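The exercises below are to be worked with the sequence and the model at hand.

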Amino acid sequence: MTTAQTVLAAGGAVSTGEAVTFWILAPLALLGAIGMVWARNAVHSALWLVLTMLCLGVFYVLQAGPFIGMVQIIVYTGAIMMLFLFVLMLVGRDSSDSLIETLRGQRVAAVALGLGFAALIGTGLFRALEGTSAVGLDAANANGNVQGIAKLLFTKYVFAFEVTSALLITAAVGAMVLAHVERRKGERLSQVEQMKARFAPGNYPGPKPGPGVFATSSSVATPGRLPDGTLTDGVHSQILPTRELTSSEAAPKGTEK
Amino acid sequence: MTFLAQSPTLQDFGHDVWWLVLLKVVGVFAMLLLLTLFTINYERKVVARMAQRPGPNQVGPNGWLQSLTDGLKLPFKEEIIPLTADKVVYFLAPVISAVCAFTAFSVIPFGPMVSIFGERTPLQLTDTSVAVLLVLACGGMAIYGIVLAGWASGSTYPLLGGLRSSAQMISYEVAMGLSFVAVFMTAGTMSTSEIVRAQANGNPVNLLGLEFTAPGWYAVLLLPSFIIYAISAVGETNRAPFDLPEAESELVGGFHTEYSSFKFAMFFLAEYINMITVSAVCTTLFLGGWRAPWPISAINDGMFNQGWWPMLWFFAKVLVLLFGFIWLRATLPRLRYDQFMRFGWKVLIPVNLVWILALAGIKTLQNKATDDGTRYTIIGALILAVLLITLLWPSRTPAPAPNLEEQLARRPKGSYPVPPLDLQVPPSPRTRRDVAERQPAMAGGGAATDETGPANSDEKEV
């Protein structure tokens, strides 16, 4: 008997629908947990965890906590696991776990310790909760589940709530400070400065010939050539007026070697 | 009010017999499929009209069966699965998308209490005290469909599309969730049927001794929330101008580039159902739900708010909102990705938070047993403070921009030469035949006159 069922049973009679839902989803939740550990691919691992979290969300709803159940699905599954997945996807598809053990026997030890810990927690909770009946659910949900949580959050636990939010904001700001490279003013060139630098003395502002172009000049006087080296017409636009060079202009300038 | 008795409350749910539940589930499912088929045609026809084309007009009466034939054809096309695909996840992704899209519709109210085969039941599949959160949860899970599709395809474009969409949808879900907060605060509930109920009547307002009835629709009452919801809904459904996860010009097809046949059909279906869902949620939360708009609702003591009539108003409102989606697609170009994210995080969310704060302040002023004197003092003090801040805010006087001559004079010696401002380009002496008859061109456009010769250009050169 698992702890969840103990609590359920202690709360009074378990309705059929509740029991059916539980016995369908509880194995799925366990399967997800085991699958998360067993999966070699990191993304598969995350997906198994999503399954477990979804089942937990439904369990919350089953146990008369609809708000926390929905928040579990929206926040944990919808946002936090999604960010995990985001990072895992960037890691790459083929980064599966290697199966070489660095510590001899660690897997056996981990399984044994995990099972032992689960047994300890399970028996401990079972012994502690055996025979106790849960009370106060109706009183807590008297004015509605959401209203009850809101009242507690903003009256009795307002300080804890605010401190938690301050902690989270500090963590977020800290991550940004660590990851964000702040450029000083002037370190990054603005568009105007880039243009000035481009036309400054010593810099040729025009485009350089593209790769694969072997012409020594971009002048229209240089004849166009096909890839095999033969001369070609049709490299100049038809609308340009034809030039008629005088014989002296057409003669070699003496610049060729 | 007689018709208020027809309005379902949370207590009316959960008592249906099994065949009625089955009937409602099948009904919602069939309705979504039909509405999707309709919306595809609707979109194509509207976009076509906006582009001065007839649109699909061959299959069926006026081409209205075009999407049905397309839909029938799609599953029979060849299924291509990339070699590098992660088979299980590749198969799972479209299923997640479609399932989430269908599930979200289970809490949308279509109408009041009706009688189906003698059973009195609300015209809504189900409702819970956190129904709107269920819609948000389905939206959150739907991201998995897109992200996993992008990852499992084992190809670059889908991966980029998947990453884009996860960042985009998470960001816009925050804005969307915040825009719901104002509705929850005003309605005092998160159940969809009760939010519709809360918008039934305008609430009387006493402003400066003037009695009038404020409209009940939250689109009017909570206009900033409505606008923010409308914008973030477009971002959440990946529709133009926010369709960056499937930007054709950058990513081919985005997350569904490698999908074909039935799996692609499921993504297509999910996209259109999502569009219908956000329109239906908008109708429910902001536009009074299934209730008739004002002049009609007053006819014959609310006759049109009873029985099966409300389905008509509901679908009319949804279709108007869908038209808005299509209109946006036909009109606006796609945003750049960084502009889009900046808009979400730096505009929508802060504006929303400030609005919620202001709304909470207004609620407090209304709730407390404050007399009118104190109330108006507080409001006056606030207005005065805002005025003072705007008046006394130090303004930055920008340094006067240097004119063109000064800028040119500042250039260091040996700079790249620029042509003089009054440059005239003389015809080349080497082009005799064609150009000699032309007017010489001049910088600035106009034709040169004879008084200013080409000799001028040498003096002004810098």
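**Exercise 1. Count the aromatic pairs over all chains, then describe one of them.**

Solution. Rings of Phe, Tyr and Trp (its six-membered ring) pair if their centres lie within 6.5 Å; planes under 30 degrees apart count as stacked, over 60 as edge-to-face and the rest as tilted. A search of the whole structure on these terms gives 25 aromatic pairs. One of them joins Phe323(B) and Trp327(B), a tilted pair with 5.7 Å centre to centre and 50° between the planes. The model is predicted: local features need pLDDT of at least 70, side-chain atom pairs count only at pLDDT 80 or more, and totals for chains, interfaces and linings use all residues. Residues are numbered from 1 along each chain as its sequence is written, chains are lettered from A and ligands numbered from 1 in the order in which they are written, and side-chain values use heavy atoms, with hydrogens and water left out.

Helices (H or I, at least four residues) and strands (E, at least two) are DSSP runs, numbered from the N terminus. Both Phe323(B) and Trp327(B) belong to helix α12 (residues 309-331) of chain B, where they are four residues apart, about one turn of the helix. For accessibility, buried means under 20% relative accessible area, exposed over 50%, and partly exposed in between (1.4 Å probe, protein chains only). Phe323(B) is partly exposed because its relative accessible area is 28%.

**Exercise 2. Describe the pair of Tyr337(B) and Phe340(B), and classify each residue as buried or exposed or in between.**

Solution. The rings of Tyr337(B) and Phe340(B) are tilted, at 6.5 Å centre to centre and 40° between the planes. The two residues are about one helical turn apart, because they are three residues apart in helix α13 (residues 337-367) of chain B. Tyr337(B) has a relative accessible area of 24%, so it is partly exposed. Phe340(B) is at 0% relative accessibility and therefore counts as buried.

**Exercise 3. Find a ring cluster and a charge over a ring in chain B.**

Solution. Ring pairs connect Phe180(B), Phe184(B), Phe226(B), Tyr229(B) and Phe286(B) into a cluster. A charge sits over a ring if NZ of Lys or CZ of Arg is within 6 Å of the ring centre and within 35 degrees of the ring normal. The charged end of Lys45(B) sits over the ring of Trp64(B), 5.2 Å from its centre.

**Exercise 4. In which sense do β1 and β2 of chain B pair, and which residue stands opposite Met113(B)?**

Solution. Two strands pair if DSSP finds at least two bridges between them. Strand β1 (residues 111-116) and strand β2 (residues 119-123) of chain B are antiparallel, with five bridges. Pro122(B) in β2(B) is opposite Met113(B). Two residues lie between the strands of this hairpin, and Phe117(B) takes a positive phi near 50° there.

Contact means heavy atoms within 4.5 Å. Lys24(B) lies in helix α1 (residues 18-50) of chain B and is buried, because its relative accessible area is 10%.

**Exercise 5. Locate Asn62(B) and Asn238(B), and state their phi values.**

Solution. Most residues other than glycine have a negative phi. Asn62(B), not a glycine, has a positive phi of about 55°. Its place is the loop between α1 and α2 (66-73) of chain B, and Asn62(B) is exposed because its relative accessible area is 59%. Asn238(B) has a positive phi near 60° and is in the loop between α8 (223-236) and α9 (248-251) of chain B. At 4% relative accessibility, Asn238(B) counts as buried.

**Exercise 6. Describe chain A and the place of Thr52(A) in it.**

Solution. Chain A has ten helices and zero strands, and 16% of its 257 residues count as buried. In an unreviewed entry, UniProt lists residues 20-39, 46-62, 68-88, 108-129 and 157-179 of chain A as "transmembrane region"; positions are in the numbering used here, feature names are shortened, and annotations may be inferred rather than shown by experiment. Residues 46-62 of chain A are 100% helix, with end C-alpha atoms 24 Å apart. Thr52(A) is in helix α3 (residues 42-62) of chain A. Thr52(A) is buried, because its relative accessible area is 12%. Leaving aside neighbours within four places in sequence, Thr52(A) contacts Ala29(A), Gly32(A) and Ala33(A).
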